[in-house]
Amino acid sequence: QVHLVESGGGLVQAGGSLRLSCAASRNVNVMAWHRQAPGKQRELVAVITPDGNTNYVDSVKGRFTISRDNAKNTVYLQMNSLKPEDTAVYYCAVRAYGGGSYWGQGTRVTVSS
């Protein structure tokens, strides 16, 4: 079992920045951020492997940066140049070594125009 604790969501004006954090209770393999906007399906935003390889959905490339601190079992999502369409509940997700995927409780990000 892996427990995830997210933090960092909130209300920000368009063009602003937020940093999300997600701390895992133990060492994990792949870490990712997903989001779900009102009335839409959940989508993968960014993913990072243990050695730091990253991938992003096209809509956030150049604005969001995913990173991780393996010593702290923590993944971050730095979000810059935020747009109203980034408004969503953001979920941390991880894949454990040996199998199993786990989700955080979600943190709400609201971007006002």
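I began with Asn73, and I noted that Asn73 touches Cys22, Ala23, Ala24, Ser25, Arg26, Asn27 and Met31, leaving aside residues up to four places away in sequence; contact here means heavy atoms within 4.5 Å. Before going on, I wrote down that this is a predicted model, in which local features need pLDDT of at least 70 and side-chain atom pairs count only at pLDDT 80 or more, while totals for chains, interfaces and linings use all residues. I also wrote down that residues are numbered from 1 along each chain as its sequence is written, and that side-chain values use heavy atoms, with hydrogens and water left out.

**Two loop residues**

I looked up where Asn73 sits, and found Asn73 in the loop between strand E7 (64-69) and strand E8 (74-79); strands (E, at least two residues) are DSSP runs, numbered from the N terminus, as are helices (H or I, at least four). Asn73 is not a glycine, yet has a positive phi of about 55 degrees. Is Asn73 buried or exposed? I recorded Asn73 as buried, with a relative accessible area of 17%, where buried means under 20% relative accessible area, exposed over 50%, and partly exposed in between (1.4 Å probe, protein chains only).

I then turned to Ser81, which is found in the loop between E8 and E9. Ser81 also has a positive phi, of about 50 degrees, although Ser81 is not a glycine, and at 41% relative accessibility Ser81 counts as partly exposed.

**Strand E9 and its partners**

My next entry concerns strand E9 (residues 88-95), where seven of the eight residues are buried, so E9 is largely enclosed by the rest of the structure. Which strands pair with E9? I counted two strands as paired if DSSP finds at least two bridges between them. Strand E4 (residues 31-36) runs antiparallel to E9 and is joined to E9 by six bridges, and I noted that Met31 of E4 has Val94 as its bridge partner in E9. Strand E11 (residues 107-112) pairs with E9 in the antiparallel sense over three bridges, and here Ala88 has Val109 in E11 as its bridge partner. Strand E10 (residues 101-103) is also antiparallel to E9, with three bridges, and the bridge partner of Arg95 in E10 is Ser101. The hairpin of E9 and E10 has five residues between the strands, and in this hairpin Gly98 takes a positive phi near 90 degrees.

**Rings and charges**

I searched for aromatic pairs, meaning rings of Phe, Tyr and Trp (its six-membered ring) with centres within 6.5 Å, where planes under 30 degrees apart count as stacked, over 60 as edge-to-face and the rest as tilted. The count came to one aromatic pair. Tyr91 and Trp103 form this edge-to-face pair, at 6.4 Å centre to centre and with 75 degrees between the planes. Tyr91 lies in strand E9 and Trp103 in strand E10, so the pair ties together parts that are 12 residues apart in sequence. Tyr91 is buried at 15% relative accessible area, whereas Trp103 is partly exposed at 41%.

Last, I looked for charges over rings, which requires NZ of Lys or CZ of Arg within 6 Å of the ring centre and within 35 degrees of the ring normal. The charged end of Arg42 sits over the ring of Tyr91, 3.8 Å from its centre, and Arg19 lies over the face of Tyr76, at 4.0 Å from the ring centre.
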